[in-house]
Amino acid sequence: MVVAVEFSAVSRHYGSVMAVDDVTISVAEGEFFSMLGPSGSGKTTCLRLIAGFEQPSYGSIKIFGKEAAGTPPYEREVNTVFQDYALFPHMNVMNNVAYGLHVKGIAKPESYKRAEQALEQVALGEYGQRKPGELSGGQRQRVALARALVNEPRVLLLDEPLGALDLKLREQMQMELKTLHNKLGITFIYVTHDQGEALSMSDRVAVFNRGRIEQVDHPRNLYSQPKTSFVADFVGTSNIISGYLAQQITGNNQPFSIRPEHINIYTNQTKVLKVNGEVADILYHGATSKIEVAVAGQLLSMVLSNTEFTEEQQPQIGQKITLCWSQSRMVMLEN
Amino acid sequence: MQSASNALPTANPLLRWFGNTLFRKNNLLLFLLLTPPLLWFGVVYLGSLFALLWQSFYTFDSFSMAVSHDLTLENYRSLFDATNLDIILRTLSMAIAVTLACAVIAFPIAYYMTRYGSHAEKGFFYIAVMLPMWASYIVKTYAWTVILSQQGILYWLFNHLGLGSTLNHVLQLPIIGGNTLATSNLGRFIVFTYIWLPFMILPIQAALERVPTNLLQASADLGARPAQTFRNILFPLVFPGVVAGSIFTFSLTLGDYIIPQLIGPSGLYIGTMVYTMQGSVGNMPLAAAFTVVPIVLIFIYLSLARRAGAFDAF
């Protein structure tokens, strides 16, 4: 396995603010690697450290084995797709895409030919003569992608590239990015705060919180085996049970997570854990209903299928019910 | 029943009718708002300009020193006489030199203000740039006559640095030189550049402020070295600001009549020529014709700037 990007104990401080705090990651060549986290968690700073817009305060960043810390962006074999595209407003689309080739001294006929191919790759072959201002958000997004890809980077950095698009377009672009990644076989490093996006596209996801990495794992493991309560809560929804209630249920106060879809209404199952509570709220979601149950002062969420439980069979607000789940579904979290 | 506090204010019915009419007819409001400034602009500003233009076609009898209302192109033809053409070229070359110098000096200052200055530093720079504009222009020019004189601080500084002879060598150069700094074209150039510099810094700074940082980062990301980023991205995007500033420095130098009188060698400028012609000589038609020269030059300059793409960046 060739390592594309490697962070060793990288920190980035702004005065006393730790934007990135002792981060160590290693991204393999050809991997679709996502950095997920809320805003201000350090994920974008990490991306900018790879691109070279920021320099680390401590630690080493290697790109294909070569130390990158201290080198400027124009000497790195990576290209970035910016959050707000950063297309050059005074150049037409063709010149925007060919820019990277022009500044590297590639002759115009050759660079325009390659720019045209890149534009065709993102289905914008006809738009070369337009100015960025004349394009829609989705089209600008594709131009930004073509402008980065035409340079044939070994690592493509994407900084929340779909953030400004509407839902339908976003889903379509997710598919296209995934297809593109499979076709090109280069490393994608993708920054997002949208856990759905990260889970559906990535080979691996790093979850960031307050400048640190909470967990790096495959999407499935991240969801089924979160290591910390932050990950359990940020990736999907989860009931995180700690303190007194955890003591009541498991006999010790180590916190644990249980997903809403794994909680059932107790009938007669064996080998389950049980708790008593009172229905506090019911939210209808179409195929499912979300039931909020107050248990010892804490609200637990559970999901009931509306095809399995008819309206009459469903509990009512204020009703006392017993919840249960199988012990194997519980995920113990770090304290 | 409606309580008193909820009721609409009972205005004078006439006022209310007027207000409602304005609300419905937007164009009427626009008309009322724009009429006074348009009248001012049309009558006072353009009117006087046209009156001036018209007078440039009057005939001046150099024997009787009287102006007659016979229309002639003679004033414009005489602009191309050797002495008059000399005045125009002298003024034009100074205007170009001052504009270039202002642009070269202003850009780094504006760039520092925009990209690196902290909030406090920015404030300091704004005041430092604007402060000289609070002082009277004439006072500043007189101050420079003292600074540039042989007993002045510049000579003192050069002598103490042991560069006195270098300065004298520079002053012996043709065109820019002269007997002293205060009577040389170099001195005049320094004063012009100093006086008009703020008018160049502020538009460039405003233009730089509008260039998003991520465009420069995108350029570097795509492999452009800093010089390439400057040439391909930053300069084209800031160029309208440079042009805006240069319109000030260029036209203000073309029209100035104080600095050429107080500093530098003898020899008339367009401004001093107009001043002399309409004042002591009373040749209003030629003065008017001379006034048209800067207008035409600015016009040519703007169309060149437009062709260079100064106005299609955004």
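Reply: A:Asp203 counts as partly exposed because it has 16 C-beta neighbours inside 10 Å. By definition, a residue is buried if 20 or more other C-beta atoms lie within 10 Å of its own, exposed if 12 or fewer, and partly exposed in between, with C-beta atoms placed from the backbone. This is a predicted model: local features need pLDDT of at least 70, side-chain atom pairs count only at pLDDT 80 or more, and totals for chains, interfaces and linings use all residues. Residues are numbered from 1 along each chain as its sequence is written, and chains are lettered from A and ligands numbered from 1 in the order in which they are written.

Me: Where does A:Asp203 lie, and which residues does A:Asp203 touch, not counting those up to four places away in sequence?

Reply: Helices (H or I, at least four residues) and strands (E, at least two) are DSSP runs, numbered from the N terminus. A:Asp203 lies in the loop between helix 6 (195–201) and strand 9 (204–209) of chain A. Two residues are in contact if their C-beta atoms, placed from the backbone, lie within 7 Å. Leaving aside residues up to four places away in sequence, A:Asp203 touches A:Glu31, A:Phe32 and A:Phe33.

Me: How many residues of chain B are in contact with chain A?

Reply: On the chain B side there are 16, in contact with 17 residues of chain A. Helix 10 of chain B gives the most to that side, with six residues.

Me: What percentage of the residues of chain A count as buried?

Reply: Of its 335 residues, 39% count as buried. Chain A has nine helices and 18 strands.
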